[in-house]
Amino acid sequence: MLQDLQQLPPDPILGLSAACAADPNPQKVDLGAGVYKDEQGRTPIMSAIKKAEQAWIQEEDTKAYTPQMGVAGFADAITKLLLGDGHPALARARTLQCPGGSGALQVAARVLKRARDDVTIWLSDPSWPNHRPLLSSAGVALQDYPYYDPRTHAVDFGALTAALNRADPGNVVLIHGCCHNPCGADLDEDQWRALAVQLNDRQLTPFIDIAYQGLGEGLDEDAFGVRYLAEHCPELVVASSASKNFGLYRERVGGVTFVTASGEQSERVRSHGASVARGLYSLPPAHGGALVTRVLQSVELNREWRQELEGVRERINAMRAALAEAMRERLNDGRFDFVARQRGMFSFLGLSAAQVETLRQDHSIYMVASSRINVAGLTAANVAYVADAVAAVL
Ligand code: LMR
């Protein structure tokens, strides 16, 4: 039976890391998968995480199963990180620890499907390329709403709202909380407010995917949308990830948060999340969740982590400015100024798939075929090389 399965092509994002690693060119630049890199091109373990890990290894005294909702303290710590201290919806919110943001998305989609068998989830066009396969495997129907205008390099809010006016009551709208992947263009505060009105008018349920909290403008600023909708919409589902803001990519730690009319109701919904998880992978892994909880609960580690995260954010934004400036010098125009205006790890360079391929073949510069770059792959040492190559293929 298994002999009928054919080899699949490499993953369109993860395959780039492997291809770049195998490239012998010393000038190669990996702008592919969304992984933070420092000025030396390394993905360091954050020092607050390293300290939490050392303490945890000393203290951990069992490898018995993790509790179904996650390691003790994780759910409350993540709910507070998302909503902020004193948020009016805290008492109505419940979080379930999941294996990464991807696990959180999968659990959320399956809970939505249980709540409503004919559920449709609206996805931004474009969206993270893995959203579609991941969510369809939960059995939900998918629809697209226009989001990014490549001419302005910003959100096409008029087209977005026009599309959502065609959504049926009971539909779910997946929104990137911040640092949109792949386009780097985010909703502004007025747009979040207007979106909340429209969602409520049309009885649509918001579902926020927030995988980059703290990498855009700041931990609080990046959570504006989550906090606003949690306060102003009757229900909200949030999938969050600790891969990027805690640098815990390989530990697979994230959460799904349900905000409903009451704490009791959210508790009931979360029990379905735990039951979905039981049928998929049983329980979340403990290690990453324990580290996140420790960092968030400790005054000192929390402070240290926030400082490190600020450094990450500042470096990404500095590289955005550096690339925009380098392109301005080469093209004598502001065509790439948008890179400096956008936020998070990603921007579209607006190149064709053929140009992306030339960058890879002739310059060993790796990016997703859509011309999405991971800005964190740029360094002071390689930004001129990248800008020269991009100018050459234009
Ligand atoms: C990305 O979009 O590059 C990251 O979220 C990594 C992934 O899993 O695709």
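Me: Where is Thr205 placed in this predicted model, and why is Thr205 called buried?

Reply: In this predicted model, Thr205 belongs to strand β8, which covers residues 205–210. Its relative accessible area is 15%, and a residue counts as buried when that value is under 20%, so Thr205 is buried.

Me: Which residues does Thr205 touch, leaving out those up to four places away in sequence?

Reply: With those sequence neighbours left out, Thr205 touches Asn171, Val172, Val173 and Glu235, where touching asks for heavy atoms within 4.5 Å.

Me: What makes Glu304 buried or exposed, and where does Glu304 lie?

Reply: Glu304 lies in helix α12, made of residues 299–331. The relative accessibility of Glu304 is 18%, and because the limit for buried is under 20%, Glu304 counts as buried. Residues up to four places away in sequence aside, Glu304 touches Ser47, Ala48 and Lys51.

Me: Why is helix α3 described as largely enclosed by the rest of the structure?

Reply: Helix α3 runs over residues 74–83, and eight of its 10 residues are buried, so the helix is largely enclosed by the rest of the structure. The buried residues are Phe74, Ala75, Ala77, Ile78, Thr79, Leu81, Leu82 and Leu83. After α3 comes Gly84, which has a positive phi near 85°.

Me: Where is Gln342 placed, and how do you know whether Gln342 is buried or exposed?

Reply: Gln342 is placed in the loop between α13 and β11. Its relative accessible area is 4%, and since buried means under 20%, Gln342 is buried.

Me: What makes the pair of Gln342 and Ser347 a polar contact?

Reply: The side chains of Gln342 and Ser347 make their polar contact at 2.5 Å, and the cut-off for such a pair of N or O atoms is within 3.5 Å. Ser347 is also one of the residues that Gln342 touches when those up to four places away in sequence are not counted, and the others are Tyr148, His153, Cys183, Gly184, Ala185 and Arg320. The C-alpha atoms of Gln342 and Ala321, which are 21 residues apart along the chain, are separated by 9.9 Å.

Me: Where is Arg343 found, and what does the side chain of Arg343 reach?

Reply: Arg343 is found in the loop between α13 (338–341) and β11 (346–348). The side chain of Arg343 reaches the backbone oxygen of Ala340 at 3.2 Å. Not counting residues up to four places away in sequence, Arg343 touches Cys179, Gly184, Asp186, Gly216, Glu217, Asn317 and Arg320. The C-alpha atoms of Arg343 and Asp201 are separated by 30 Å, and the two residues are 142 apart along the chain.

Me: Which residues surround the ligand, and where does the ligand sit?

Reply: The ligand sits in the largest pocket, and the residues that surround the ligand are Ile13, Ala33, Gly34, Trp128, Asn181, Tyr212, Lys244, Phe346 and Arg372.

Me: How far from an oxygen atom of the ligand are the atoms of Gly34, Trp128 and Asn181?

Reply: A backbone N or O atom of Gly34 lies 2.6 Å from an oxygen atom of the ligand, a polar side-chain atom of Trp128 lies 3.0 Å from an oxygen atom of the ligand, and an N or O atom in the side chain of Asn181 is 2.9 Å from an oxygen atom of the ligand. On its own the ligand has 260 Å² of accessible area, of which the protein covers 82%.

How values were computed:
Residues are numbered from 1 along each chain as its sequence is written. This is a predicted model: local features need pLDDT of at least 70, side-chain atom pairs count only at pLDDT 80 or more; totals for chains, interfaces and linings use all residues. Side-chain values use heavy atoms; hydrogens and water are left out. Helices (H or I, at least four residues) and strands (E, at least two) are DSSP runs, numbered from the N terminus. Buried means under 20% relative accessible area, exposed over 50%, partly exposed in between (1.4 Å probe, protein chains only). A residue is near a molecule or strand if one of its heavy atoms lies within 4 Å of it. A polar contact is a pair of N or O atoms within 3.5 Å; within protein, one must be able to donate a hydrogen and the other to accept it, and residues adjacent in sequence count only if both atoms are side-chain atoms. Accessible areas come from the Shrake-Rupley method with a 1.4 Å probe; for residues, only the protein chains shown count as cover. On a 1 Å grid over the protein atoms alone, a cavity is a set of points where a 1.4 Å probe fits but cannot get out, and a pocket is an open set with protein on both sides within 12 Å along at least five of seven lines; lining residues have an atom within 4 Å of a point. A molecule sits in a cavity or pocket if more than half of its atoms lie within 2 Å of its grid points.
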